[in-house]
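Okay, let me put today's model up on the screen.

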Amino acid sequence: MGVDLNQANVQAMQLSNYAEQLKAAKKKLQSYKSELKVNWTGTETQYIYAGVDRAITRLDSIITELDSLKKDVINTASQIRQEEIAREEAERKAREEAERRARQEAERRAREEAERRARQEAERRAQEEAERRAREEAERKAAQQNKTNQSNNKSSSTSSTSKGSSKKKQSFIENLFDWF
């Protein structure tokens with residue numbers, strides 16, 4: 001909740017008003033004492049003057065105490081409010097720091113997850129590439145083997161024919177396989 005500075009100022013003003021009222025009462029007592037001196041003579045007046053002086057001294061003491069109390073109320077309220085502001089600022093900074101750290105942690109985790117996925121994707125692509133190359137190599141070897149087999153088959157079946165026509169056929173077959 002906190003200290004309400006306005007309420008503290010209102011209370012300080014009330015104390016100040018009380019002090020002003022006591023100052024007015026003191027002036028009335030001083031005026032009363034002056035009128036007594038002018039208008040009344042007698043032995044008993046000394047006792048009255050002494051009583052009025054004691055009342056004035058007491059009023060002065062209370063007025064001083066009220067003024068001091070007023071300053072204390074204002075200063076204490078201001079000090080407490082400053083402490084509250086400092087605490088609120090510290091809490092705000094702590095919250096911001098915690099939020100900043102949480103964001104950094106989330107970003108770090110997201111980066112790690114992205115890196116993990118990128119590694120997995122690279123591994124998958126490398127695996128696919130290796131499989132593709134293996135397939136191509138197997139196909140190339142199979143094609144070569146077929147070529148060799150066909151060439152052997154042709155040469156054994158065409159051994160009765162002339163060597164010139166055999167070379168033409170072999171050349172034709174090789175071109176045909178190259179085409180595939």
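So, which residues does lysine 33 touch, once we leave aside its neighbours within four places in sequence? Lysine 33 is in contact with Tyr49, Val52 and Asp53, where contact means heavy atoms within 4.5 Å. The lysine itself sits in helix α1. And is it buried or exposed? Lysine 33 is buried, with a relative accessible area of 16%. The cut-offs here are under 20% relative accessible area for buried, over 50% for exposed, and partly exposed in between, using a 1.4 Å probe and protein chains only.

Some housekeeping before I go on. This is a predicted model, where local features need pLDDT of at least 70 and side-chain atom pairs count only at pLDDT 80 or more, while totals for chains, interfaces and linings use all residues. Residues are numbered from 1 along each chain as its sequence is written, and side-chain values use heavy atoms, with hydrogens and water left out.

On confidence: pLDDT is the predictor's confidence in each residue, from 0 to 100. The chain averages 86, and 83% of the residues score at least 70. Helix α1, residues 5-39, has the highest confidence, at a mean of 92. The lowest is helix α3, residues 163-179, at a mean of 58. Where pLDDT is low, the predicted coordinates should not be read in detail.

Now the overall layout. There are three helices and zero strands in the chain, so the order from the N terminus on is simply α-α-α, where helices (H or I, at least four residues) and strands (E, at least two) are DSSP runs, numbered from the N terminus. Of the 180 residues in the chain, buried ones make up 11%. Take the contacts with a separation of 6 or more: 73% of them are between residues 24 or more positions apart. The accessible surface comes to about 14,400 Å², with 51% of that belonging to carbon and sulfur atoms; these areas come from the Shrake-Rupley method with a 1.4 Å probe, and for residues only the protein chains shown count as cover.

On to charges. Side chains of opposite charge can pair when their charged atoms come close. How many salt bridges does a search of the whole structure find? It finds 21, taking a salt bridge as a side-chain nitrogen of Lys or Arg within 4 Å of a carboxyl oxygen of Asp or Glu.

Let me walk through some pairs in helix α2. Arginine 117 bridges to glutamate 113, with the closest N and O atoms 3.0 Å apart. Both lie in helix α2, four residues apart, about one turn of the helix. Arginine 117 is exposed at 54%, whereas glutamate 113 is partly exposed at 27%.

Next, arginine 109 and glutamate 105, again a salt bridge, at 3.0 Å between the closest N and O atoms. They are four residues apart in helix α2 (residues 44-157), so about one helical turn separates them. Arginine 109 comes out exposed at 53%, and glutamate 105 partly exposed at 28%.

Then there's arginine 133 with glutamate 129, 3.0 Å from N to O. This pair is four residues apart in helix α2, so about one helical turn separates the two. Arginine 133 is exposed at 53%, while glutamate 129 is partly exposed at 27%.
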